[in-house]
Amino acid sequence: LKHPRDVLVWLPPGYHHAPDRRYPVLYLTDGQNKFDPNTSFAGDDWNVDGTTLDLVLQGAIEPPIMVAVYNTPDRIPEYNPLDRGRNYGRFIVEELKPIIDQEFRTQPGRRNALMGSSMGGLISLALLWWYPQHFFGAACFSPSLWILRRAGGPVTWLRRQPTPPQPTRIYMDHGTVGYEGRGASLVRQALDYLSREVGFAPVDINYVVAEGGDHNEASWRARVAPPMQFLFPPNPEHK
């Protein structure tokens, strides 16, 4: 990859007061858009930190560590599985993840998930398929599945990838405004394939149609809580 990038790490409440506890990890694309309106595109952040904090304090989710990876001027090719997406994946798995696992109390094995929107949703899906030994789930907001038409479409592309082990959890959504509505059929095709041919259990697929949702940060911000609850349900061991 050509460009350096900032990485933000969010630690859940109580992290420093429970030195024996380990946490799952959520890796987020377009990291500058996730926590801070001052760094976010068009001044709208996702408020993932605020939403996650509320869910943790309510006992609605298992607290995760969140790793927000900034994008770069090469965002489009880096998030494209048919371009430099493989290199981006290697950066996450071979360079960044070992540092996170060394410096923070992460859970072992597959207890890592991914989250992103648009091209970030597409590369999150790809990383879930390419590195199933490291990731158990992904939240793909408005994924740019149309990119995969060059590979025969999302179903054809998925068929050519190794099948991830079960259980693997996948959240996909789209809005109904403009571009969002036009991408709906591709999302349905991909999820139908996972259900009918791959054998994903209904409990491991979460498909959401966001009425009135558009292709922008404000709309994605409003949709954060459901996938967080889907990926990180409460852990009875820590009640």
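A residue is called buried when its relative accessible area is under 20%, exposed when that area is over 50%, and partly exposed in between, with a 1.4 Å probe and protein chains only. Helices (H or I, at least four residues) and strands (E, at least two) are DSSP runs, numbered from the N terminus. The model is predicted, so that local features need pLDDT of at least 70 and side-chain atom pairs count only at pLDDT 80 or more, while totals for chains, interfaces and linings use all residues. Residues are numbered from 1 along each chain as its sequence is written, and side-chain values use heavy atoms, with hydrogens and water left out.

**Stop 1: strand S4**

Select residues 112–117, which form strand S4; 6 of its 6 residues are buried. Asn112, Leu114 and Gly116 point one way from S4, whereas Ala113, Met115 and Ser117 point the other way.

**Stop 2: the neighbours of S4**

Strands count as paired if DSSP finds at least two bridges between them. Leucine 26 has alanine 113 as its bridge partner in S4. Next, select strand S5 (residues 137–141), which pairs with S4 in the parallel sense over 5 bridges. Here leucine 114 stands opposite alanine 138 of S5.

**Stop 3: the crossover**

Display helix H4 (residues 119–130) together with S4 and S5: the three make a right-handed β-α-β unit. Right-handed means that, with the strands pointing away from the viewer, the path from the first strand over the helix to the second runs clockwise. In the loop between S4 and H4, select serine 118. Serine 118 is not a glycine, yet has a positive phi of about 60°. Is serine 118 buried or exposed? Serine 118 is buried, with a relative accessible area of 11%.

**Stop 4: asparagine 47 and helix H1**

Move to asparagine 47, in the loop between S2 and helix H1 (48–57). Asparagine 47 also is not a glycine and has a positive phi of about 55°; its relative accessible area of 25% makes asparagine 47 partly exposed.

Then select H1, in which 7 of 10 residues are buried; among them are Val48, Leu55 and Val56. The cover over the buried residues of H1 includes strand S1 (7–10), S2, strand S3 (65–69) and helix H9 (225–231), where contact means heavy atoms within 4.5 Å. Just after H1, glycine 59 takes a positive phi of about 75°.

**Stop 5: a cis peptide bond**

Finally, select proline 167, in the loop between helix H5 (154–159) and strand S6 (169–175). The peptide bond from glutamine 166 to proline 167 is cis, with omega near 5°.
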